[in-house]
Amino acid sequence: MPPNNILIRDVPDGLRSWLDEEKHRRRLSLKEFVLQLLDEASKSGIEGRAPSLFNVIEAPRPTIVSLMPFRFIDLFAGIGGFRIGLTKVGGQCVFTSEWDANSQKTYQAWYGDHEIHGDINAVKMKDIPEHDVLAAGFPCQPFSIAGVSKKNSLGQAHGFKCERQGNLFFKICDIARAKRPPVLFLENVKNLKSHDGGKTWLVIQAELEKLRYKIFSRVIDAAHWVPQHRERIIIVCFDREVFGDSPPFEFPEPPPGHPTLATILDLDTDPKYTLTDHLWKYLQEYARRHREKGNGFGFGLVGPDDIARTLSARYYKDGSEILIRQNGRNPRRLTPREAARLMGYGEKNARTFGHQNGFPIVVSDTQAYRQFGNSVVPDIVEAVGRQIVEVFRWHINRTGTGCLVKGRPSTPVARGAA
Ligand SMILES: C[S@@+](CC[C@H](N)C(=O)[O-])C[C@H]1O[C@@H](n2cnc3c(N)ncnc32)[C@H](O)[C@@H]1O
């Protein structure tokens with residue numbers, strides 16, 4: 001064997017091409033590169049770690065080997081829809097912020113590998129590590145139709161004027177200004193674009209443009225991935241200083257067809273999810289009154305061949321937006337496990353994180369419905385994330401520069417240094 005060679009066999013294609021790309025990028029022979037990897041691994045003492053382009057990897061439990069590792073932060077993390085989707089395309093979560101104690105409990109039980117920071121307003125900039133993708137499904141209540149009409153009826157401010165939650169978009173801008181992540185990946189309700197006659201969206205665009213990000217946005221209906229109509233705006237921004245003015249980003253083509261509820265419903269469910277005669281009567285009466293007034297409100301009765309309406313964070317109240325037809329009995333609510341699947345937190349994604357029987361539900365039913373109804377569908381994050389990774393790949397090929405997307409120096413950036 002020539003001295004500069006090494007025999008590598010039985011390596012999956014994906015890993016093989018990663019090795020080829022990396023050795024080329026580091027301008028090493030395959031042997032030199034593999035020996036270097038082994039040397040690094042033996043010194044760091046961390047086993048089973050995904051190969052990484054980065055110098056400092058702090059989290060102990062990355063799960064996915066990818067062709068293009070990158071680091072992300074999970075803001076307003078909820079139960080980690082971004083966490084799942086971005087991990088599946090090679091991301092490593094290096095920071096999480098979520099202030100709700102119950103969501104923290106779920107997040108910890110599902111991923112549990114690092115501290116969850118609370119109120120993002122209380123986090124010091126120096127405690128947010130360097131990252132390539134800032135992911136944030138920032139609170140949507142100030143902008144959602146239901147949230148706005150509730151706030152109006154209570155005489156409360158909404159949108160950016162909502163003091164408690166409306167300013168959180170600006171917090172994202174502060175972090176982007178300080179940390180300059182190459183990519184911002186944001187999610188919110190569809191109504192964000194039309195809120196306040198379009199002014200809210202104009203402000204958002206202007207702020208992101210001011211920060212020199214190129215903005216892509218699209219309303220995506222989750223119904224291509226899960227049996228639920230759930231239209232959300234996805235906003236992906238690329239730092240113009242890194243990617244130039246025309247990064248070749250394209251939103252993913254949705255997979256063909258629509259799954260139906262048959263894919264997420266259990267055949268045998270606890271009778272406690274069946275509506276009482278009293279509640280069922282009340283809901284029918286309520287719907288009848290609204291129909292007479294010409295309003296569309298009312299329950300949504302569905303079966304295995306259907307696609308559900310949007311699951312809301314208020315589902316625990318009476319379940320009326322998605323009721324499952326039952327033969328010879330009153331309809332029933334979704335169980336929390338079915339709600340999990342309806343949002344894409346199914347058994348397959350759970351296995352990715354080492355949970356063999358689905359993501360454990362460690363909170364009350366009420367909290368579980370609230371958490372799922374607030375969440376982002378991980379499969380959409382994954383699909384969009386894949387497209388972001390394509391742009392990373394394009395950038396690295398184009399520039400031939402160092403390992404970090406942003407071409408940061410190879411000296412490790414110590415945690416906490418800002
Ligand atoms: C729309 S949900 C995002 C859900 C998340 N994308 C997921 O996949 O579950 C917004 C989240 O932001 C959290 N939140 C609101 N204000 C916050 C703050 N100041 N600091 C940290 N988290 C906050 C809420 O508790 C809620 O879980």
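**Entry 1: the core**

I began with the largest nonpolar core, which has 79 residues; a nonpolar core here is a set of buried Ala, Val, Leu, Ile, Met, Phe, Trp, Tyr and Cys residues joined through C-beta atoms within 7 Å. L134, A135 and A339 have the most contacts inside this core. Helix α13 (residues 378-399) gives the largest share, 8 residues. Domain 2 (70-256 + 375-399) and domain 3 (261-362) both supply residues, so the core lies between them. The domain bounds come from an automatic or database domain assignment. I also noted a general point: in soluble globular proteins, nonpolar side chains tend to be buried together.

**Entry 2: ground rules**

This is a predicted model, where local features need pLDDT of at least 70, side-chain atom pairs count only at pLDDT 80 or more, and totals for chains, interfaces and linings use all residues. Residues are numbered from 1 along each chain as its sequence is written.

**Entry 3: the whole chain**

I looked up the secondary structure and found 13 helices and 10 strands. Both are DSSP runs numbered from the N terminus, helices being H or I with at least four residues and strands E with at least two. Of the 418 residues, 38% count as buried. A buried residue has 20 or more other C-beta atoms within 10 Å of its own, an exposed one 12 or fewer, and a partly exposed one falls in between, with C-beta atoms placed from the backbone. Among contacts with a separation of 6 or more, 70% join residues 24 or more positions apart; a contact means C-beta atoms, placed from the backbone, within 7 Å.

**Entry 4: two residues up close**

Which residues does L134 touch, leaving aside its neighbours within four places in sequence? I found I73, L75, I172, I175, A176, P181, L184 and F185.

Next I went to F372 in helix α12 (residues 365-373). F372 is buried because 27 other C-beta atoms lie within 10 Å. With neighbours within four places set aside, F372 is in contact with L311, A339, A340 and M343. A340 is 32 residues from F372 along the chain, yet their C-alpha atoms are separated by 6.3 Å.

I traced an open sheet of 3 strands, ordered β8-β9-β10, with mixed pairing. Strands pair if DSSP finds at least two bridges between them. β8 (301-302) and β10 stand at the edges with a single partner strand each, so one side of each has no neighbour in the sheet. β8 and β9 run parallel, joined by 2 bridges, and V302 stands opposite I324 in β9. β9 (residues 323-326) and β10 (residues 329-332) are antiparallel, also over 2 bridges, and I324 has R332 as its bridge partner in β10. These two strands form a hairpin with 2 residues between them, and G328 in the turn has a positive phi of about 70 degrees.

Definitions and conventions
Two residues are in contact if their C-beta atoms, placed from the backbone, lie within 7 Å.
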